[in-house]
Amino acid sequence: MAQLTEIKPEELKNNPFQLIGKDWMLVTAKNGDRINTMTASWGGMGVMWNKNVAVTVLRPQRCTRKFIDATDRFSLSFYDESCRKDMTYVGRHSGNDDPDKIDKTDLTPAEIDGVPYFKEANMVLVCKKLYVQEMNPEGFIDPTLDAANYPNKDYHYMYVAEIEKMYIAE
């Protein structure tokens, strides 16, 4: 496990399309003394409301969504192939069915300013919620997206969060 070094979002050299769409990303939040995490591969990074932001989307039935809704802050963290087994496990097992799923992995929980992440991360974004909204089927300009991605009509909730701090592993 490498030491984390804080950087400014403007100093990020990684490609967000690779980080979010291809590499392993975890969304992690804390509620009381419990943490929950899930893998995610949809989202983005950019500037909104004059703030550096990250966007992530969570389906309504995901346990992690309950945790994010219960707090103001959460983390997005990124991992390499060495964590594939653990990423697969936490992605396939819901905290609704297995509240101790993290204990069944080799992930090492840690916190930055009270926000949970895992020490195996290559990069950690400490995020503060700014906006949340359920995606609306009437918003789809291309109706094939709705049909292809929401056969159960379980539309994601979109979270826009300020990136308060960004860390990379040295």
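Predicted model: local features only at pLDDT ≥ 70, side-chain atom pairs only at ≥ 80, totals over all residues.
Biologist: Okay, how much space lies in the largest pocket?

Modeller: About 280 Å³. It has 16 lining residues, and M38, T39, A40, S41 and W42 sit closest to the pocket's centre.

Biologist: Which strands each supply at least two residues of that lining?

Modeller: That would be β2 (24-31), β3 (34-40) and β5 (51-58). The most comes from β3, with 3 residues. By class, the lining of the largest pocket holds 7 nonpolar, 5 polar and 4 charged residues.

Biologist: And the second largest pocket, what volume does it have?

Modeller: About 210 Å³. Here 15 residues form the lining, with L12, N14, N122, M123 and I168 closest to the centre. For this second pocket, α1 (16-21), β6 (73-79) and β10 (157-169) each contribute at least two lining residues.

Biologist: Let's turn to K101. Where is its place?

Modeller: In the loop between α3 (84-92) and β7 (109-112).

Biologist: Is K101 buried or exposed, and which side chain of opposite charge is nearest?

Modeller: A salt bridge needs a side-chain nitrogen of Lys or Arg within 4 Å of a carboxyl oxygen of Asp or Glu. K101 is buried but has no salt bridge, with D98, the nearest side chain of opposite charge, 7.9 Å away.

Biologist: Then what does the K101 side chain reach?

Modeller: The backbone oxygen of V90, at 2.9 Å.

Note on methods. Residues numbered from 1 in each chain as written. Heavy atoms only, no water. 1 Å grid on protein atoms, 1.4 Å probe; cavity = no way out; pocket = protein on both sides within 12 Å on 5 of 7 lines; lining within 4 Å. Points joined across faces, edges and corners; volume = space filled by probe spheres on them. Helix = DSSP H or I, 4+ residues; strand = E, 2+ residues; numbered from the N terminus. Nonpolar A, V, L, I, M, F, W, Y, C, P; charged D, E, K, R; others polar. Buried < 20%, exposed > 50% of the residue type's maximum accessible area, 1.4 Å probe, protein only. Lys, Arg positive; Asp, Glu negative; His and termini not counted. Polar contact = N/O pair within 3.5 Å; in protein donor to acceptor, adjacent residues only side chain to side chain.
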